[in-house]
Protein chains: 2
Amino acid sequence: MAYELHYWDGLQGRGEFVRLALEDAGERYMDVARGKPKAGYGTEGMMRVLNSTTEPHIPFAPPFLKDGELIVPHVANILLYLGPKLNLAPKDEDLRYVAHGLQLTIADFVAEVHDTHHPLATDLYYEDQKDAAKIRTQSFLEKRVPKFMSYFERVLKQNPHGDKQMIGDTTTYVDLSIFQIVDGLHYAFPRAMKKFGAQYPRVAAIHDAVLKRPKIAAYVDSDRRIPFNESGIFRHYPELDQDA
Amino acid sequence: MAYELHYWDGLQGRGEFVRLALEDAGERYMDVARGKPKAGYGTEGMMRVLNSTTEPHIPFAPPFLKDGELIVPHVANILLYLGPKLNLAPKDEDLRYVAHGLQLTIADFVAEVHDTHHPLATDLYYEDQKDAAKIRTQSFLEKRVPKFMSYFERVLKQNPHGDKQMIGDTTTYVDLSIFQIVDGLHYAFPRAMKKFGAQYPRVAAIHDAVLKRPKIAAYVDSDRRIPFNESGIFRHYPELDQDA
């Protein structure tokens, strides 16, 4: 049976980190919310699981993966689960905790990206927290992006197997996620990202290398890849962007 | 060799979720930053790992656990690693992903608690973002706490093994973490928490049951338990609190 990925329709969002792993591995999967309601899919198919009063293990929020009866929630947890099955995790058991730690740091970064446009409350519109968003985004671009990206650059530099992958000597789901956050930053903050390649050459090289992987290149060109938009995590609001 | 827990001295913070598991299991561990610098410990002992230019797998931030050569960063990852060793994880492999998913939801909640007092920037003082903190806290108390706590209440209600533990039929690290967030909310928002026991009886019962576990009771009474304070995640700023 194919994996079922449950995530909101119409945006890349957090679901995209899982899609990239499934696509790179050429794995068959059902993107549930984008399926036909008549066939039991669509957003209502996802909501049926979320609102179930009988499921023994309910998720808090999308994305979650359904593999038969098992429901695995949270991006990093899904990748922890799928990584070895998709041949996108380190072989060494201990290194899997290290890869997972990197993915959790990426998850924290993604949460901070989200809060640039929603610093005060997720239930308020962006327009109603724009001034706070400007302050938060300035701090994000000037302090947080350099802190995270310098860290990822160090991780690559100190990898005993070389700086062509985030961990070990093969491409893992962590590299695919690095591609996604760099890609998202370019979309959201094109001015601030102008010097990114010079500032963080190793991280930028991971982005470019992942994009050249045949299955990722095909996916990004397909209509399965939803374009970035202002419903997702990475949103382009020109008034929040600033020169590098 | 004893586990080394690396976390900031002087606050419970995120390190406390790991301490509770180690303490409940009666495991020997070194709380590195609280140790003597002369013996290679203290904050400088922790910073030596964080700033290392030779470690193959550096953490982004505390807390991290050192078990021999292996460095495991992030609370949920540490508990995933330690859980089975401390007999605080489900026996079933699949259920470990479910437990980890619950812990990651707790981690998201903890990040939202932090942002109540730091909504605009972690590098600004609370005093410089107090107005934004009031708006964010109101949304947190009125929308987010009910969303998370109703979810945890549902998880308990739908546990096929009964509502005395968050998952399966034994106490796990997830229950210990539920204790910690409920305890922290009582400290930070005593007015808002006045009706908590009536609103979320199953979650409140987990808190009380964990506090009765002999090793947790002894720990909470010891000077190893740092009191809540305004350097931690849960901070008591009376101006942010509001009636339930």
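**Largest cavity**

The largest cavity has a volume of about 120 Å³. A cavity here is a set of points, on a 1 Å grid over the protein atoms alone, where a 1.4 Å probe fits but cannot get out; the volume is the space filled by probe spheres set on the points, which are joined across faces, edges and corners. The model is predicted, so that local features need pLDDT of at least 70 and side-chain atom pairs count only at pLDDT 80 or more, while totals for chains, interfaces and linings use all residues. Residues are numbered from 1 along each chain as its sequence is written, and chains are lettered from A in the order in which they are written.

**Lining of the largest cavity**

Lining residues, those with an atom within 4 Å of a point, number 15 for this cavity, and A:Val98, A:Leu102, A:Tyr151, B:His57 and B:Ile58 lie nearest its centre. At least two lining residues each come from α4 (93-117) and α5 (130-158) of chain A and from β4 (70-73) of chain B. The greatest contribution, 4 residues, is that of α4(A). The lining comprises 11 nonpolar and 4 polar residues, with no charged ones.

**Second largest cavity**

By class, 11 are nonpolar, 1 is polar and none is charged.

Technical notes
Side-chain values use heavy atoms; hydrogens and water are left out. On a 1 Å grid over the protein atoms alone, a cavity is a set of points where a 1.4 Å probe fits but cannot get out, and a pocket is an open set with protein on both sides within 12 Å along at least five of seven lines; lining residues have an atom within 4 Å of a point. Ala, Val, Leu, Ile, Met, Phe, Trp, Tyr, Cys and Pro count as nonpolar, Asp, Glu, Lys and Arg as charged, and the others, Gly among them, as polar.
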